[in-house]
Amino acid sequence: VEFNLEYFVKDSRTFVTGQPGVMEVIFGGGGGGASRASSASPEFAAECHVAATRVATLMAALREFPVIRYQAAKAPDGSVAVGGAAALVAAKVHRAMLTLHAKPGSVLPNSPSCDLLILDRSVDPLAPIVHEWTYEAMVHDLLPVTPLGLYRYTIETGTGLQKKEAVLGENDPMWVELRHLHIAAVLNSLAEKARQFSTTNKSSRLTNEASTGTIKKVVESLPRFMEQQAKLSVHTCIAAEINELLQRRGLSDIGRTEEEVIFGDATSKDIITLLNAFKMRNADMTQAEKLRLLLLYAASHPNKFDDAERARWTKATGLSSGDLATVTNLECLGVQVNKKASAFTSTFRTTKSKRPTVHERNTEYDLARFMPTVNALAKAVDEGSLSKEEYPALGGNGMPASGASAGA
């Protein structure tokens, strides 16, 4: 059996197309991925072709024949427009799947077997900026883990400090179990695992009266116990390092303000109050955290920035003009960052622009209210309630594939 593995597998549920410069190519011309200047360029078409080829390759490898839904481009006034990266990729994937399906000896099913949802980053500018509080996200956000998952750490032993290495991946069952859990649940789980391990370890200790059979069982179980202890030690060290960083950098306070800003419960004054609180306790917020807060504010509060406002934020945060340009660049994703000019004067005015829709999850944990838009869209695909105007269909009848789950 031959497989054309053009895609790159990150874990058992994730693959990437391996296009590090694609964001600049797709959105560099502005307009939320639908800019005429960028979409007409050879680079735009080439990147869309690569993405489509690799997505189609994945579908073929999984022996899936998808119904494709894609994000329609938006005009500056918010109406549905023609073109856009998602539409072009969707069309190319659809043609590739039809070609593969028509080949003699094709192993693809005769009818749609799954749903494929194709989006671009403009669908949710907030998600990659906001702090995510799951274990895997915090590990990659806060710790020096390599792209391949290599984590280096130090433990204290009876002979002194000892350097260790661990690979966080599919071969680590504890990582697979914990990676998508909220950090609070991870800390509780690790504490319970440590208690259980301690109890089991005590019950396996040998006594002078131990039989040959008992000794044999204990010896046979030693490798398993040692492996469990090693994995538990790794994740206990990781959790401890994350917890220390949360406390030292005041990330819980930052995360709480992020949520309030995103959901419209906080204003620019609340951000200034948080910055002043950090200064008062001599724990100045990092420039990266300040920039993330400002990006979230701009993305969730349209039409707030002009030259005077940028100067005010530069003074309040100490961010550079380059950092403020990054905020303005959100307009490339379709975010209305700048104040609109009045039709009758040369002055700028604050408009009553509609705030973006932000989805909220029901959770028992603090700092976990924000839910990425893709979650809500995938659920709508599965329920058959996704707008056919905003997310047109290619293949099938536009309804969810029978018995299939939505893929994005």
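Student: Is arginine 256 buried, partly exposed or exposed?

Tutor: Buried means under 20% relative accessible area and exposed over 50%, with partly exposed in between, for a 1.4 Å probe and protein chains only. Because the relative accessible area of arginine 256 is 31%, the class to assign is partly exposed. This is a predicted model, in which local features need pLDDT of at least 70 and side-chain atom pairs count only at pLDDT 80 or more, while totals for chains, interfaces and linings use all residues. Residues are numbered from 1 along each chain as its sequence is written, and side-chain values use heavy atoms, with hydrogens and water left out. The value for arginine 256 is thus 31%.

Student: Which residue forms a salt bridge with arginine 256, and in which helix do both lie?

Tutor: A salt bridge here is a side-chain nitrogen of Lys or Arg within 4 Å of a carboxyl oxygen of Asp or Glu, and the closest N and O atoms of this pair are 3.7 Å apart. Helices (H or I, at least four residues) and strands (E, at least two) are DSSP runs, numbered from the N terminus.

Student: How many residues apart in sequence are the parts tied together by arginine 292 and aspartate 141?

Tutor: These two side chains form a salt bridge, with their closest N and O atoms 3.2 Å apart. Arginine 292 lies in helix H11 (residues 287–300) and aspartate 141 in helix H5 (residues 135–142), so the pair ties together parts whose separation in sequence is 151 residues.

Student: Why is strand S6 largely enclosed by the rest of the structure, and which residue in S6 stands opposite arginine 69?

Tutor: Strand S6 (residues 114–118) is largely enclosed because five of its five residues are buried; Cys114, Leu116 and Ile118 point one way, and Asp115 and Leu117 the other. Two strands pair if DSSP finds at least two bridges between them, and five bridges join strand S3 (residues 66–70) to S6, the two running parallel. Opposite arginine 69 stands leucine 117.
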